[in-house]
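My entries follow in the order in which I looked.

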Amino acid sequence: MIIQIENIEKTYPGKTLFTDVNLRLQEGDRLALVGDNGAGKTTLLNIISGEETPDSGHITKARDIKIGYLTQEAIEMGENSTFDEVIESQHTILDIKKRLQELENNMDDLEEYGKLQDKYESMGGYELKAKVNSVLFGLGFKEEDLSRKTTEFSGGWQMRIALAKLLVQKPEVLLLDEPTNHLDLESVTWLENFLKDYSGSIIVVSHDREFLDNMVNQVADLNNGNIKLYKGNYSKFIKDRDLYIEQLKNKRKRQLDEMHRLEVFVERFRYKATKARQAQERQARLDRIREELIEIPESRKKIHFKFKQPPRTGDLVVHANQISKRYGDNVVYENADFKMYRGDKIALVGPNGSGKSTLLKMIAGTLKPDSGKVKYGVHVTHMYYAQHQLDELNTENTVFEELDNAASGWTMGQVRSLLGAFLFKGDDIEKKVSVLSGGEKSRLALAKMLVEPAPFLCLDEPTNHLDISSSDVLETALKEFEGTILFITHDRHLINNVCNKVVEIIPGKITLYDGNYEYYQYKKEMLDKPNEYANAVPRVRDRKKKSKEQKRVEAERRNAIYAATHGLKDRLADINAELNGKRKRLEELNEILSDPKFYTERDDSQSIIKEHGELKKNIQFLEDEWLDISEKIEEAQNA
């Protein structure tokens, strides 16, 4: 046992957060703490860390354990460089190193020197610098960032520095409150893998379902003031919790049915002398059932809105034509080309610093390219959401007024429900926008955008500051959205369920993949394998001669594969050639159709529109045939 929580209770004026909370953390546990916003997750972490005290109950901790706590609050940084800030936080190792240096100057106490040297080595002292570098690089810092002062970084990057300090310290217990909030996709993946191999125990609060699915082995559900523990990851928890609630409902129904039967008997025979004893016995049973009557946990309301759909645009939504962008000597894009069509929902992925945000800003019109043009299609208007793009909020309005003014035709109840879905509850809706925190303003701006969205949405990390239920509302809205979306997020669940294309950005190169994030990962793996094999050192093999039978079988298999696939491969080549020609023609037609004068100044407009429609159908047919043939070839080769 690492930590034992027994009968914890915490109450604030007007609200009891939880009562009789019991939880045990064992060595090696990876525990997710989940619950609705306001359920008390952060308060419980504060109590475990010792930053707050419970009103009653007590916590038992294993002797000499160290607890590291990453909070969501602002982190104070010194004037150190990034590297020094992290390495100087490793006080125990540095103290041992200092003492070793003192003893080296005076080797009178060889016994102490030997013991300290062993301890220094076991704590990783000799690898400390390499470890600091590894963690900082994993969290997205570059070589040149390590010498920059911590105060030069934004709050999000300072949170990464605070996380790095904890990971290098390796406390026996890690408490992590939304650790992925300020990370990009690559850093989240790195952190996930780091924590899988972490030797200590972890309690984490996070709204990132993929992260929880891949990292935790237990889920503690904090709901209605109580906590229940489930084994397994987050997806298993959802299934088990729903099953548990259903079982409780069935048991409660049986109790209510039994109570009804007992009440009827007691009411009928309580005054009849011959049945008085039986009536008293049944009354006693009835009282016991009332005392033991199961309370069903308050169900988490699934909020669903039918958001207003945007006006229809032309087929081509945006064309970034031969755009270039550089910062000093750093060339981010050089004559890059990028197009989006109506209905595209594209996630931008790539390593930190590759240019994802730069491209998004240029497409959204908030950053001008150094050369080239970004051209929008017919009837295309756009909205850009980023955490620092909050200028359109009226600071004099209350939260309710700000959303209500945007929600034309909505009832007061609908406005309140949407605000609740984005974590504005109770008196929060009467707050002035001017007093909201950055995270609160971000949530309000996002909710406001969804009320009446433009046909083209550009979103930068929209799930930051949301909990899982709020992310579900956003996800549903984006899935049902009939316009076009370009977005950056570290939330793989959102990418998988919303996007229909992934654009990978590595410095100087933009690559489009059809499909969601899982398909992108699959294609990347398949495409990367030839390079891996090409660069691999050939293995020394056992040069045993093959028998005639082995050679005959292998030859027959090669002949069978050739017979089954050579015709298909020829057709595949023909389809590729045909598709290239048709796609080129489709781009030409899209350019023609995107010209506003097309509909008023051309005599052949009807034939062009007809050709455009038929061409799209032909391309779809050929793409389906290409996919079908590719699958047949793969099946034949793997048979």
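**Basis.** I note that this is a predicted model, in which local features need pLDDT of at least 70 and side-chain atom pairs count only at pLDDT 80 or more, while totals for chains, interfaces and linings use all residues. Residues are numbered from 1 along each chain as its sequence is written, and side-chain values use heavy atoms, with hydrogens and water left out.

**Whole chain.** I found 20 helices and 18 strands in the chain, where helices (H or I, at least four residues) and strands (E, at least two) are DSSP runs numbered from the N terminus. Of the 639 residues, 44% are buried; buried means under 20% relative accessible area, exposed means over 50%, and partly exposed is in between, with a 1.4 Å probe and protein chains only. The chain exposes about 35,200 Å², of which carbon and sulfur atoms supply 48%, by the Shrake-Rupley method with a 1.4 Å probe; for residues, only the protein chains shown count as cover. Among contacts (heavy atoms within 4.5 Å) with a separation of 6 or more, 68% are between residues 24 or more positions apart.

**Cores.** I then looked up the nonpolar cores, each a set of buried Ala, Val, Leu, Ile, Met, Phe, Trp, Tyr and Cys residues joined through side-chain atoms within 4.5 Å. The largest has 48 residues, and Leu 195 and Val 204 touch the most other members. Helix 6 (residues 155-169) gives the largest share of this core, eight residues. Beyond its neighbours within four places in sequence, Leu 195 is in contact with Arg 30, Leu 167, Leu 174, Leu 176, Ile 202, Phe 211 and Met 215. A second, separate core holds 45 residues, including Leu 418 and Phe 481.

**Salt bridges.** I counted 33 salt bridges in the structure, each a side-chain nitrogen of Lys or Arg within 4 Å of a carboxyl oxygen of Asp or Glu. Arg 99 and Glu 112 form one at 3.0 Å, N to O, and this pair links helix 3 (residues 91-105) with helix 4 (residues 110-122), 13 residues apart. Arg 99 is partly exposed at 31% relative accessibility, and Glu 112 is partly exposed at 25%.

In the bridge between Glu 281 and Arg 277 the closest N and O atoms are 2.8 Å apart. Why are Glu 281 and Arg 277 separated by about one helical turn? I note that it is because they are four residues apart in helix 10 (residues 276-292).

Glu 625 and Arg 571 form a bridge with closest N and O atoms 2.9 Å apart. Glu 625 lies in helix 20 (residues 605-638) and Arg 571 in helix 18 (residues 548-593), so the pair ties together parts 54 residues apart in sequence. I also noted one network in which salt bridges that share partners join Arg 209, Asp 472, Glu 475 and Lys 479.

**Surface patch.** Last, I found that Tyr 519, Tyr 522 and Met 526 form a nonpolar patch on the surface, with about 280 Å² of accessible area together. Patches are made of residues with over 30% relative accessible area and no salt bridge, like charges being joined within 9 Å and nonpolar side chains (Val, Leu, Ile, Met, Phe, Trp, Tyr) within 5 Å. Met 526 is in helix 17 (residues 517-535) and counts as partly exposed at 38% relative accessibility.
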